[in-house]
Each structure stands twice: as structure tokens, then as C-alpha cells.
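Please consider the structure shown below.

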Amino acid sequence: MAASSVAASELLQNINKHISILYPKASYVIRRISTSRQRSDSQPQLRVKSAPKQLVGVVGLEVHAQINSNTKLFSGSSVRFSAPPNSLVSPFDASLPGTLPVLNTRCVEAAVMTALALNCTINRTSLFDRKHYFYADLPTGYQITQQRRPIAVDGFLAYSFLGGKKRNQVIKRTVSIKQIQLEQDSGKSLHDDLRSQTLIDLNRAGVGLMELVMEPDMSCGEEAAAAVGELQLILQTLGTCQGNMSEGQLRVDANVSVHEPGEPLGIRTEVKNINSIRYLAKAIDYEIQRQIAVLQRGGTVQSQTRAFDSKSGETVPMRDKEGLQDYRFMPEPNLPPLIVYEDNASLPSGIDACQAVVVQEIREALPELPAVKRERLVQTYGLLPEHSFTLVNEDGLLEYFEAVLKATKKEPRKVIGWVTNELVGHLKQQDMSVSQSPIAPSALAELLELQETGHISSSAARRVFQEMWRSPGKTALQIIQEQDLGLVSDTAQLHSICQEVLDSHPDEVNAIRGGNKKVLNKLMGLVQRETKGRADPVLVRKIIQEKTS
């Protein structure tokens with residue numbers, strides 16, 4: 001019996017040895033199967049424990065950012081959203097025989113600028129590779145990317161979001177960036193279910209992308225959404241990507257797993273092509289809870305590619321990942337190594353400076369980044385952190401706010417209320433951007449100046465604002481004159497109105513004389529109603545206090 005066991009063991013070893021020689025990847029597959037079985041065998045222990053394990057989410061992101069460039073990465077074809085199908089396709093994009101790639105310098109500069117803003121190390125020499133896979137919208141059967149040596153590595157993205165009970169506490173986080181690589185986009189498959197056919201549009205084929213790979217440093221959808229939101233603002237500030245997710249200019253894949261703190265990471269799933277920051281948070285949080293539920297039932301999380309269904313709010317399986325896909329990476333033979341230079345002094349003789357990518361020049365051209373803007377707003381104007389987030393996160397709002405400040409003597413903390421409450425409130429009601437506002441910064445500044453100098457009350461100023469919104473051609477002063485909204489300047493008239501209000505409300509007067517000062521606000525409101533909001537509140541308060549003392 002023992003001899004037969006030894007013989008069987010030796011036979012299995014010999015078989016495995018021959019398999020590993022003939023099929024090197026077979027041993028990898030066998031190990032994966034063996035590991036899965038061990039996990040499965042250990043799962044029932046979850047059910048016998050008195051308390052469930054404390055499982056937490058782990059999230060890593062892969063972001064594909066379309067480079068803001070007039071032409072594609074390796075051809076002269078134009079880049080334009082919603083152009084007629086197959087109208088922006090060069091012979092190279094269609095993979096016609098004899099065509100060769102020509103690298104777009106603008107795309108390289110955009111990648112370097114993005115890498116600098118994200119604190120990455122720039123590889124002075126990077127390489128292009130072919131990544132083989134076969135989709136109908138990939139004419140060549142491979143994608144040109146950077147697998148062996150990308151253009152930038154080892155960076156980090158610092159991001160913040162508002163938390164706490166009142167959503168006014170600034171929570172700061174950092175996520176590591178493994179690498180940034182240049183690559184070309186694929187075309188687009190358009191599925192016609194009615195005719196049971198698929199049509200191919202190659203307009204997007206060859207468009208330049210930056211793929212940013214983030215380490216699994218996040219734990220929930222809120223963190224991931226904040227990180228992508230900050231990245232989107234940075235890219236838009238740099239001008240390297242327009243970041244419009246609805247047009248596919250920024251696409252996110254989320255790698256999600258759960259584990260016990262201190263234990264190895266669990267089996268991950270990949271949620272593909274999320275095109276909204278709000279959906280990103282929902283997809284990740286749903287997937288974390290789904291995986292926790294699977295493990296607490298004693299099951300095993302499957303390694304899958306999943307999609308997010310925005311209607312149901314759930315992730316749904318697309319395909320299983322039973323093993324590593326073999327992309328058969330190989331060096332791109334038609335592109336030499338990509339070289340960038342530190343400064344002009346490092347340029348070799350004979351190199352045209354206009355054609356070279358110089359890191360120092362790009363570094364000096366970096367604009368003020370969103371985090372720096374927020375800090376400046378708090379320090380310079382004394383704004384609350386939540387106000388700085390609103391100003392920076394809304395496209396064009398910061399420029400609007402600072403333009404109003406330059407044209408009025410009103411304090412910044414008073415101006416911010418008008419901008420974030422009145423202006424933004426009206427914009428959101430009508431789904432408009434800041435650039436579409438019918439009230440220009442100079443017009444709002446005029447209104448605020450009239451209020452500051454005592455020509456109108458705060459309530460009348462809001463009425464004027466609403467009329468300016470409805471009638472963009474009218475100035476604040478015109479509306480004030482037409483509707484007789486100026487402050488009542490006749491002191492005798494105000495005394496008379498206040499006395500009438502007091503005479504008709506004896507109970508409130510007795511309450512004030514009895515020490516209930518809160519009733520004073522009610523009487524002031526009645527006076528304002530009588531004057532249609534035209535009374536100076538400071539003067540009204542003084543008169544009422546004198547008459548009830």
C-alpha cells in the first residue's frame with residue numbers, strides 16, 4: 001500500500017514536471033484552482049463564529065483620460081465628439097497596409113504636465129508596446145500602449161472632501177499613483193438590437209489617452225468619488241483633458257475587494273467604464289456590500305468583470321476572470337524610445353528645441369492647482385472651507401466671485417453668500433452654467449454696492465436680483481427707480497409707521513417691556529411689510545427700542 005502511494009506520488013510529480021515544461025502557464029492555473037479550493041474549505045468557519053468578521057472595502061482605480069488635443073496620438077486625424085460616423089479616420093487609424101505611427105508631441109507634453117501636477121517621477125526614456133486583443137473596433141488587433149516603461153511613475157494625489165454631521169469638516173486623504181502611461185483609444189461598437197447587427201465607428205480609434213493607475217488606498221465610494229473629482233478638476237485646470245464624463249473623456253474602472261484589516265486583500269472584482277462620479281460612488285458602495293454579504297453567507301467572491309446598472313443601482317456580471325488574459329505584449333517596432341529632456345541645456349546638438357519635450361518649461365507653465373486655490377481663498381478672504389469647495393468645484397464660479405470682489409467694497413464673506421446662495425441657486429434651478437448667467441459680475445457688484453451704501457435694504461436687494469435675472473438688460477439702479485425700492489429716508493415717516501405698528505400690537509409691546517426682546521424682530525418685520533422692505537433695519541430697530549423703553 002505504502003509502495004503504491006510512493007509510486008503514485010512520483011508519477012504525479014513527473015506529470016507536473018512535464019506539464020510545467022510544455023505549458024508554463026498550466027502550473028499557474030493549477031495553483032489558482034488549489035488556492036480557491038482552500039478558500040472554499042475555510043469558508044464554513046465563518047458560520048460557526050459567534051460574531052461576523054469585520055470586513056472593510058479596498059478600492060483601486062484605473063482612469064482613462066482623453067488628452068485634449070486637436071489630433072490623434074499617432075495620426076493627423078481630427079478629434080471631435082459627435083462627428084458623423086467614420087468621418088475622422090486616417091489610413092493609419094483604419095490599419096491600412098504600409099501606414100506608420102507618428103507621435104503627437106502635444107500628447108506627450110500633456111502627459112508630462114499631468115504627471116508633474118500629480119507629483120510623479122518622469123521617466124526620461126519611456127517605451128511603447130503592442131498589447132494584443134481582438135475586438136471588432138480595434139482594426140490592428142493590438143493597442144499601442146506603454147507596458148514595460150511608462151512615461152511617469154510613483155506619484156500621489158492629495159484630495160479632500162467635506163464630512164462630519166454638518167458636512168463642513170474637511171477630511172484630507174492621499175492616494176498613490178502607480179503610473180501614468182500613454183496609449184491609443186479603440187473605436188466604438190454600436191449595437192443595433194432591432195436589426196441584430198453591430199456597426200463600427202472608428203472616429204475614436206487612435207485618440208490619445210492617459211491611463212492613470214491608482215493603488216488600492218481607498219475604502220469606500222465617497223473617497224473614490226472625491227479622488228476622481230479632484231483629478232477631474234486638476235486635468236481641467238491644466239487643460240490636458242476636458243474631463244467631460246458624459247462624452248467619454250474621462251472613464252473609470254474600479255477594482256473592489258473586501259478583507260479583514262491586517263489580513264491579505266480579498267478576491268477583487270472590476271467594475272468597468274463608469275461615466276459619472278455619482279455613479280462611481282454608488283457602484284463601489286454597492287459592490288462592497290455585495291461582497292460582504294457573499295462572504296457572510298459562507299460563499300466565495302468570484303473574480304469577475306462587472307458593469308454598473310444606473311437604473312437598479314446594482315453591479316451586474318459581464319464575464320468571469322478564470323485566469324490572466326495573455327495580451328502577448330511585444331515592443332512596438334515602428335516607434336523609437338520616447339525621450340524627454342530636463343532643460344534646454346540637456347538637449348543634444350542637432351535637436352530642434354521646438355520639437356523636443358522639455359520638463360523644466362512645462363513645470364514653469366503649471367497653473368495654480370485646485371488645492372492651492374482653496375487654501376488661498378480661505379487665507380486671503382477668510383472664507384469657510386465649504387465655500388472654497390463650492391467656488392473651486394463649480395466651473396467659472398471662482399473667476400465670477402473674484403470679479404465681483406474687484407468691483408465692490410463689500411466684504412468677501414458677504415459677497416460669498418450672494419454668489420453661492422442667490423447666483424448658484426438660480427443657476428441650478430434652470431440647469432445653467434456660470435458662463436450662462438444673465439447677471440454679469442459687474443451687474444451683481446453694482447447691486448451689492450447700492451446695498452452697502454444704504455440705498456436699498458437686503459430684502460429689496462433680493463427682489464432687485466430676481467428682476468435682474470428675469471430682465472438682463474436692466475441695471476439694478478433702473479429697477480430700484482422703476483419699482484420705488486429705495487430706502488425710506490424720511491425719518492418722520494418711519495417714526496409714524498413704527499408708531500402705527502406699535503399701537504396695533506399692544507401685547508407685543510408689553511412683552512418687550514417685560515423683557516422679551518425676541519418679539520422686537522416680529523415688529524420689525526411688520527414695519528418692513530408696511531414699507532415693502534424699504535426701511536433701514538438698523539434705524540427701525542432703534543426707533544422701536546426708543547418707543548418701547
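**Reading the sheet, the helices and the loops**

Q: Which strand is joined to strand β1 by five bridges, and in which direction do the two run?
A: Strands are DSSP runs of E with at least two residues, helices are runs of H or I with at least four, and both are numbered from the N terminus. Two strands pair if DSSP finds at least two bridges between them. Here, strand β1 (residues 56–66) is joined by five bridges to strand β10 (residues 208–214), and the two run antiparallel. Within β10, M210 is the residue opposite A65.

Q: What kind of model is this, and how are its residues numbered?
A: The model is predicted: local features need pLDDT of at least 70 and side-chain atom pairs count only at pLDDT 80 or more, while totals for chains, interfaces and linings use all residues. Residues are numbered from 1 along each chain as its sequence is written, and side-chain values use heavy atoms, with hydrogens and water left out.

Q: In what order do the nine strands of the open sheet lie?
A: The order is β2-β6-β7-β10-β1-β11-β12-β13-β14, with mixed pairing. At the edges are β2 (121–122) and β14 (314–320), each of which pairs on one side only.

Q: Which strands does helix α4 touch?
A: Contact means heavy atoms within 4.5 Å. Axes are lines fitted to C-alpha atoms, for helices over the stretch in contact, and angles run from 0 to 180 degrees between N-to-C directions. Helix α4 (residues 105–117) packs on the sheet and touches β2, β6, β7 and β10, its direction making about 155 degrees with that of β7. Helix α6 (residues 277–296) also packs on the sheet, where it touches β1, β11, β12, β13 and β14; its direction makes about 25 degrees with that of β11.

Q: Why is helix α5 described as largely enclosed?
A: A residue is buried under 20% relative accessible area, exposed over 50% and partly exposed in between, with a 1.4 Å probe and protein chains only. Helix α5 is largely enclosed by the rest of the structure because 15 of its 18 residues are buried. In the protein chain, buried residues make up 43% of the 549 residues.

Q: Which residues other than glycine have a positive phi here?
A: Most residues other than glycine have a negative phi. One case is S196, with phi near 55 degrees; S196 lies in the loop between β8 and β9, and at 68% relative accessibility it counts as exposed. Another is N273, with a positive phi of about 50 degrees, which is found in strand β12.
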